[in-house]
Amino acid sequence: GKTAYVRYIAEAMGMDILQKRASDLMSKWVGETEQKISEAFENARSSGRFLVFDEADSLLQDRSGAKRSWEISQVNEMLTWMEVHDLPFACTTNLVGTLDRASLRRFTFKVGFESLTKIQVRLAFTHYFGLKSPFQLDNVGDLTPGDFAVVKTKAQILRVDDKPDQLIQMLKKEADMKFGKTSP
């Protein structure tokens, strides 16, 4: 949902996306990660694209726990570019608490995604499965659109995507797994 939301914002602004993952930027060679970070920002600037760093916690780890100099210089490179980049950019993460505190000051907007409300859960059930949402769905909490997407795929593979009771059980399992209540 995070990257989809950023895509929506970029589209509303009339901008194309330049998406970078940690695997696009991280290198085993000292200094090369910083160079790739610089190139990503330069490329976004020269092409006028909206830069997105997916799972940015890999690039913006809290420096207070750094054990090697490159861990610090990598974050410093990101922070420097974040401060001077004149086009919109976004970073997505599920681990906000692990980000370097200085990085948080460089984000104009900080958007968090909470679980869906009961009304949103009902709408999502109908949207993803094309079925009327059963009242038992109200007993399943902590669901996100991503949970529905995973369950839809799984239900199609298992050919149970038209069975509300099984869908609800699968959604409950997805929600429970987030909190370590069940195993995969």
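Is the crossing of helix 6 and helix 7 left-handed or right-handed? The crossing is right-handed. The close-ups below come from a predicted model.

**View 1. Helix 6 crosses helix 7 at roughly 30°.** Helix 6 spans residues 118-129 and helix 7 spans residues 145-158. Their axes come within 10 Å. Angles under 35 degrees count as roughly parallel, and helix 6 and helix 7 are therefore roughly parallel to each other.

**View 2. Residues in the contact of helix 6 with helix 7.** Helix 6 contributes Val-121, Ala-124, Phe-125, Tyr-128 and Phe-129. Helix 7 contributes Pro-145, Phe-148, Ala-149, Val-151 and Lys-152. By class, the contact has 9 nonpolar residues, 1 charged residue and no polar ones.

**View 3. An open sheet of 3 strands in the order 1-2-3.** The pairing is parallel. Strand 1 (17-20) and strand 3 (89-91) are the edge strands, each pairing on one side only. On average, neighbouring strands are turned by 15° against each other, direction ignored.

**View 4. Strand 1 beside strand 2.** Strand 2 covers residues 50-53 and runs parallel to strand 1. The two are joined by 4 bridges. Gln-19 has Val-52 of strand 2 as its bridge partner.

**View 5. Helix 1 packed on the sheet.** Helix 1 (residues 2-12) touches strand 1, strand 2 and strand 3. Its direction makes about 155° with that of strand 1.

**View 6. Helix 3 across the strands.** Helix 3 (residues 32-47) lies across strand 1, strand 2 and strand 3. Helix 3 runs at about 155° to strand 2.

Conventions. Residues numbered from 1 in each chain as written. Predicted model: local features only at pLDDT ≥ 70, side-chain atom pairs only at ≥ 80, totals over all residues. Heavy atoms only, no water. Axes fitted to C-alpha atoms, helices over the stretch in contact; angles between N-to-C directions. Parallel < 35°, antiparallel > 145°, perpendicular 65-115°, else oblique. Left-handed = near helix turned anticlockwise from the far one by under 90°. Contact = heavy atoms within 4.5 Å. Nonpolar A, V, L, I, M, F, W, Y, C, P; charged D, E, K, R; others polar. Pairing = 2+ DSSP bridges.
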